[in-house]
Amino acid sequence: MAANWKMNKTVAETQAFLNEFIPVVRDVKDVEIVIAPPFTSLHTASAILKNTDIKLSAQDVFYEDKGAFTGEVSPAMLSDIGCKYVIIGHSERRQYFKETDEIVNRKIKASLKHNLNVIFCIGESLQEREAGKTFEVLNRELTEGLKDVPAEGWVAAYEPIWAIGTGRTATPEQAQEAHKYIREKLSSLYGMAAQEIRILYGGSVTPDNIESLMRCNDVDGTLVGGASLKVDSFAKIVKYKK
Ligand code: PEP
C-alpha cells in the first residue's frame, strides 16, 4: 500500500503524521507500506522511519547521475538519504510536466541502476477511455516505458486519470479488466516472471472501497493520494483485512 502525498505537508506535518502513524500500523506484518512525501520532507521522514518496516519513496527523480540540471534530483541522491522506492510516470507529471514515455523509460532504468524500486504509473484519460482506447494507451505506455527494463525491481500502478482525485473510483470490474490486460501484456514481455510483478490500483481509493478493489484477482495493492494524507484513513486502507 503506497501513499502519494503529492505537493502536501511541511516537514513539521510530516513528522506529526509519521509519529502518529507508526504505532498504529506496528502490528501489520503482511502488507508492504510505502510513503512518498515531497522532496523537502524526505530526509526527516527517512530518520523517523529508520527502525520501522515502512519504506520511503520519492515522487519523482531525474535520469542523470549528477551535473548541470538545475532543480533536479538524481537516483543516487535518493538512495543516499534512504529512499527505497520512487514513483515514476505519474499522470500529473505526464500531463503538467510533459513527461514522455521515453523520459519515463530513462528514469526507470536510471533508478534500477541505483537499487531504487520503481512504482511505474500508467493509465488512460477519460477521453481515451470513451474513445475505446484504454488498452491501446496501456499497451503503448507499457511497451515504451519498459524498453530494456528487467522483470525485477519495480511494480506497476494502473491509475485511470479520470479516477485520480475525482472521487470517481473505477469499479472492481473496470479495475480487474485493466489489470488483467496489464498482466497479459507483462506475460508477453517477461513470460512466467510476470506472475510475480505486483500491479497496484490507484484512483480515489478510500477505506470504503479498498476491500472490493483488493478482492480483484490481479489487484495486488493500491497507490493512494487524497486518502493517504490522514493517519486514520490511510491506516484503515493498510489494515483493510481486519
Ligand atoms: C494518485 O495521484 O496517485 C492518486 C491515486 O490520487 P487519489 O487517491 O487522490 O485519487
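This is a predicted model: local features need pLDDT of at least 70, side-chain atom pairs count only at pLDDT 80 or more; totals for chains, interfaces and linings use all residues.
The largest nonpolar core comprises 65 residues, of which Phe21, Ile35, Trp154, Leu186 and Phe234 touch the most other members. Helix α8, spanning residues 172-190, makes the greatest contribution to this core, with six residues. In soluble globular proteins, nonpolar side chains tend to be buried together. For Leu186, contacts beyond the neighbours within four places in sequence were found with Leu142, Leu146, Trp154, Gly191, Ala194, Ile197 and Ile199. Trp154, one of these partners, is also listed with Leu186 among the core residues that touch the most other members.

Nine aromatic pairs were found in a search of the whole structure. One of them joins Tyr158 and Tyr201 in a tilted arrangement, with 6.4 Å between the ring centres and 55 degrees between the planes. This pair links distant parts of the chain, since Tyr158 belongs to strand β6 (residues 154-158) and Tyr201 to strand β7 (residues 199-202), 43 residues apart. Both tyrosines, Tyr158 and Tyr201, are buried.

Arg93 lies over the face of Phe97, at 4.2 Å from the ring centre.

In helix α2 (residues 39-49), the buried residues are Ser41, Leu42, Thr44, Ala45, Ser46 and Leu49. The elements that cover these residues include α1 (11-24), β3 (55-58) and α3 (75-80). An α-helix has 3.6 residues a turn, so residues three or four places apart point the same way.

In helix α5 (residues 101-113), attention was given to Ser111. Ser111 counts as buried because its relative accessibility is 0%, the cut-off for burial being under 20%. A polar atom of the Ser111 side chain lies 2.8 Å from the backbone oxygen of Lys107. Not counting residues up to four places away in sequence, Ser111 touches Val61, Pro75, Val86, Ile88, Leu116 and Val118.

Definitions and conventions:
Residues are numbered from 1 along each chain as its sequence is written. Side-chain values use heavy atoms; hydrogens and water are left out. Helices (H or I, at least four residues) and strands (E, at least two) are DSSP runs, numbered from the N terminus. Buried means under 20% relative accessible area, exposed over 50%, partly exposed in between (1.4 Å probe, protein chains only). A polar contact is a pair of N or O atoms within 3.5 Å; within protein, one must be able to donate a hydrogen and the other to accept it, and residues adjacent in sequence count only if both atoms are side-chain atoms. Contact means heavy atoms within 4.5 Å. Rings of Phe, Tyr and Trp (its six-membered ring) pair if their centres lie within 6.5 Å; planes under 30 degrees apart count as stacked, over 60 as edge-to-face and the rest as tilted. A charge sits over a ring if NZ of Lys or CZ of Arg is within 6 Å of the ring centre and within 35 degrees of the ring normal. A nonpolar core is a set of buried Ala, Val, Leu, Ile, Met, Phe, Trp, Tyr and Cys residues joined through side-chain atoms within 4.5 Å.
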